[in-house]
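Q: Can you walk me through this structure? Keep it brisk, please.

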Amino acid sequence: MTLSVRNVAVAAALSAALCSALAGCGGGNGSSGSGSGSGSGHQAARMGTPGPSASPSSTSSAGAPQAAGSSPAAAPPPAKAPTLAPGPNGLTPVFERARQQTDKTVALTFDADMTSDQGPRAAGGEHFDNPQLISTLRTLKVPSTIFMTGRWAEEYPDQAKAIGTDPNFEIANHSYSHHAFTSPCYGLPALDAAAARADVDRAFAAFRTAGAVNTVPYFRFPGGCYNDQALRAISTAKVTAVQWDVVSGDAFAKDPDAVAEQVLTGVKPGSVVVMHCTRSAAPVTEEAVQKIVPELRKRGYRFVKVSELIGK
């Protein structure tokens with residue numbers, strides 16, 4: 001099966017899942033609709049081929065990445081993470097791939113998704129966490145960036161703290177509610193500008209309450225959907241929006257080999273890979289990681305956190 005055919009199949013699964021359950025970050029390739037704001041109306045499709053950024057990549061400021069480690073021992077507050085300079089007219093900058101594209105580094109990123117209204121589903125036994133994936137990343141010594149929603153941190157505070165005090169990981173912001181910051185976006189309810197800005201702050205507050213220390217000023221839009229209006233709404237949060245250039249296709253996937261193949265085919269020096277840390281929506285991610293990591297290392301790649309890519 002070609003990658004394009006696989007993406008089409010995953011897209012169908014995403015549409016059905018989101019229409020019925022507003023599952024949020026799923027998988028699939030497809031249009032998330034046109035932007036609703038002024039300007040160019042850029043909007044990137046979640047788990048699809050990234051759309052053009054609403055602002056060009058800018059020169060990063062200096063900053064030291066966190067040292068990788070495999071132990072969940074508590075770590076001191078991290079050094080200030082590097083960010084990109086604001087885009088045109090002060091818009092939030094967008095990062096998709098390292099500008100230094102000769103160094104064979106790659107960042108595996110994992111979205112820990114949970115929408116603000118999914119508490120009853122969690123209480124009913126649905127697993128939005130994936131502790132086995134985190135354990136495997138530690139065992140394989142893979143530095144990773146976890147894009148976490150505030151609601152996920154509230155549901156799993158012990159895990160959020162363990163991840164956020166492990167020097168192997170850094171926690172980035174994936175909003176509190178996992179509602180859309182522009183519309184349409186896979187059926188997600190949309191936030192207005194004021195609510196969107198507050199949602200970012202609420203997520204960071206949830207991380208602090210859980211006891212996470214290794215947090216970074218990076219933000220991933222729910223659904224990957226954004227436009228100039230969304231970038232303007234969160235500009236005062238002083239975050240760098242982080243997208244990706246490699247789609248794993250792990251959301252709703254059944255075949256870990258297919259997920260691994262898609263990642264291995266897409267990775268280039270400086271790539272950002274988007275995956276998920278949500279068992280109910282991405283059940284084969286951990287198995288796929290066990291195949292991806294040794295193969296990329298065999299090819300000479302080194303795994304880094306997003307902060308190291310942005311710092312290059």
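This is a predicted model: local features need pLDDT of at least 70, side-chain atom pairs count only at pLDDT 80 or more; totals for chains, interfaces and linings use all residues.

Q: Start with α3. Which residues are buried there?
A: Leu133, Ile134, Thr136, Leu137 and Arg138 are buried in α3, which spans residues 131-139. Buried means under 20% relative accessible area, exposed means over 50%, and partly exposed is in between (1.4 Å probe, protein chains only). Helices (H or I, at least four residues) and strands (E, at least two) are DSSP runs, numbered from the N terminus.

Q: What do those buried residues pack against?
A: Three of the partners are strands β2 (105-112), β3 (144-148) and β4 (169-173). The list also includes β8 (271-276), α5 (157-164) and α9 (285-298). Contact here means heavy atoms within 4.5 Å.

Q: And what follows the helix?
A: Lys141 follows α3. Its phi is positive, near 55 degrees.

Q: Switching to cysteines. How many disulfides in the whole structure?
A: The search finds 1. Cys185 and Cys225 form a disulfide, with sulfur atoms 2.2 Å apart. The cut-off is a pair of cysteine sulfur atoms within 2.5 Å.

Q: Where do the two cysteines sit in the chain?
A: In distant parts, 40 residues apart. Cys185 is in the loop between β4 and α6 (193-210). Cys225 is in the loop between β5 (215-219) and α7 (228-233).

Q: Left- or right-handed?
A: The torsion about the S-S bond of Cys185 and Cys225 is about 80 degrees, so the disulfide is right-handed.

Q: Are Cys185 and Cys225 buried or exposed?
A: Cys185 is buried at 1% relative accessible area. Cys225 is buried too, at 0%.

Q: What about Cys277, buried or exposed?
A: Cys277 is buried, with a relative accessible area of 1%.

Q: Now Asn214. Where is it?
A: Asn214 lies in the loop between α6 and β5. Asn214 is buried, at 1% relative accessible area.

Q: What does its side chain reach?
A: The Asn214 side chain reaches the backbone oxygen of Asp166 at 3.1 Å.

Q: On to charges. How many salt bridges?
A: The whole structure has 11. A salt bridge is a side-chain nitrogen of Lys or Arg within 4 Å of a carboxyl oxygen of Asp or Glu.

Q: Which residue pairs with Arg220?
A: Asp111 does, with the closest N and O atoms 2.8 Å apart. Arg220 lies in the loop between β5 and α7 and Asp111 in strand β2, so the pair ties together parts 109 residues apart in sequence.

Q: Is that pair buried or exposed?
A: Arg220 is buried at 0% relative accessibility, and Asp111 is buried at 0%.

Q: And Lys268, what does it meet?
A: Lys268 meets Asp245 in a salt bridge (3.6 Å, N to O). Lys268 is in the loop between α8 (256-266) and β8, and Asp245 is in the loop between β6 (240-242) and β7 (246-247). Lys268 is partly exposed at 35%, and Asp245 is partly exposed at 21%.

Q: What does Arg299 pair with?
A: Arg299 and Glu295 form a salt bridge (2.9 Å, N to O).

Q: Which residues are joined into one network?
A: Asp103, Arg302 and Glu308, through salt bridges that share partners.

Key
Residues are numbered from 1 along each chain as its sequence is written. Side-chain values use heavy atoms; hydrogens and water are left out. A polar contact is a pair of N or O atoms within 3.5 Å; within protein, one must be able to donate a hydrogen and the other to accept it, and residues adjacent in sequence count only if both atoms are side-chain atoms.
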